Amino acid sequence: MNKGTGTFKIYGGTYSNDPTQYVPQDEDCVISGTGPWTVSQDVAYADDNTENTYSLIDAISNASSKVILIHDATLPANGLSINKNLTIDLAGNTLYAANGNKSFITANSDVTIQSSAVGGKLTNANIASSYP
C-alpha cells in the first residue's frame, strides 16, 4: 500500500502488513495479532446501554434482548449462531457478509432483524433457523 497525499483509514479487515499507521485512534478501533493483523471496530450497543460499545459478537453476548448497530458491521466469516431471543436493530447501518462471501446467521431462538432508521440493510447473508 502506498500512501499519497490523501488520508487513508482502516476500520476493519485482516492484513499481512502492520496497519497501525492507518487505523484511527479515536474511533474505537482495535488491532489484534502480530501478523496477520486484524482490525475491528466496536459497532454496537447491548440493549439500551449507550455507555459501552462492543464488537458485534460481544454485543450479542452481552445483550439481554437487543443489539443496536452504531456503525456498519461485518458478520464473522464462519457465520453467527444466536441462541437467545434477540432483536438486531440495524439503525440505518448495513450488516455485511464477511469478505463478500455469503455468511450464515443461524437462529436457534426468536431473532428479529430490523432497522429503526432509514437505510438499514442486510447484505449477502443467508439466514437459517433451527428453531421450531
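Which residues does Val67 touch, not counting residues up to four places away in sequence? Val67 touches Ala44, Tyr45, Leu56, Ala59, Ile60, Leu86, Thr87, Ile88 and Asp89. A contact here means heavy atoms within 4.5 Å.

Some ground rules before I go on. This is a predicted model, with residues numbered from 1 along each chain as its sequence is written, and local features need a pLDDT of at least 70, while side-chain atom pairs count only at 80 or more. Totals for chains, interfaces and linings use all residues, and side-chain values use heavy atoms, with hydrogens and water left out.

Now the confidence. pLDDT is the predictor's confidence in each residue, from 0 to 100. The chain averages 78, and 80% of the residues score at least 70. Among the elements, S9 has the highest mean, 92. Strand S14, residues 125-129, has the lowest, 58.

Next, the overall make-up. Helices (H or I, at least four residues) and strands (E, at least two) are DSSP runs, numbered from the N terminus. Of the 132 residues, 31% count as buried. Buried means under 20% relative accessible area, exposed means over 50%, and partly exposed is in between, with a 1.4 Å probe and protein chains only. The chain exposes about 7,800 Å², and carbon and sulfur atoms supply 45% of that. Those areas come from the Shrake-Rupley method with a 1.4 Å probe; for residues, only the protein chains shown count as cover. On contacts, take those with a separation of 6 or more: residues 24 or more positions apart account for 39% of them.

Let's go to the five-stranded sheet. The sheet is open, the order is S5-S4-S6-S9-S12, and the pairing is mixed. Two strands pair if DSSP finds at least two bridges between them. The edges are S5 (49-54) and S12 (111-114), each pairing on one side only. The twist averages 25° from one strand to the next. For that angle, axes are lines fitted to C-alpha atoms, for helices over the stretch in contact, and angles run from 0 to 180 degrees between N-to-C directions.

Look at S9 in that sheet. S9 pairs with S6 in the parallel sense, over three bridges. There, Lys66 has Thr87 as its bridge partner in S9. S9 also pairs with S12, again parallel, over four bridges. Ile88 has Ile113 as its bridge partner in S12. Asp89 stands opposite Gln114, also in S12.

On to the core. A nonpolar core is a set of buried Ala, Val, Leu, Ile, Met, Phe, Trp, Tyr and Cys residues joined through side-chain atoms within 4.5 Å. The largest one has 19 residues. Those with the most contacts inside it are Leu56, Ile60, Val67, Leu69, Ile82, Leu86 and Leu95. The elements giving two or more residues are strand S4 (44-46), helix H1 (56-62), strand S6 (66-69), strand S8 (80-82) and S9. H1 gives the most, with three residues. In soluble globular proteins, nonpolar side chains tend to be buried together.

Three strands form it, open, in the order S7-S10-S13, with parallel pairing. The edge strands are S7 (73-74) and S13 (121-123), each pairing on one side only. Two bridges join S7 to S10.

So where is Leu95? Leu95 sits in S10, residues 94-96. Leu95 counts as buried because its relative accessibility is 0%. Leu95 is the bridge partner of Ala73. The two are 22 residues apart in sequence, and 5.0 Å apart in space, C-alpha to C-alpha. Leaving out residues up to four places away in sequence, Leu95 touches Leu56, Ala73, Thr74, Leu75, Leu90, Ile105, Lys121, Leu122 and Thr123.

Thr94 is also in S10. Thr94 is buried too, with a relative accessible area of 6%. Beyond its neighbours within four places in sequence, Thr94 contacts Asp72, Ala73, Lys121 and Thr123.

Ala91 lies in the loop between S9 (86-89) and S10. Its relative accessible area is 24%, so Ala91 is partly exposed. Ala91 has a positive phi of about 50°, although it is not a glycine. Most residues other than glycine have a negative phi.
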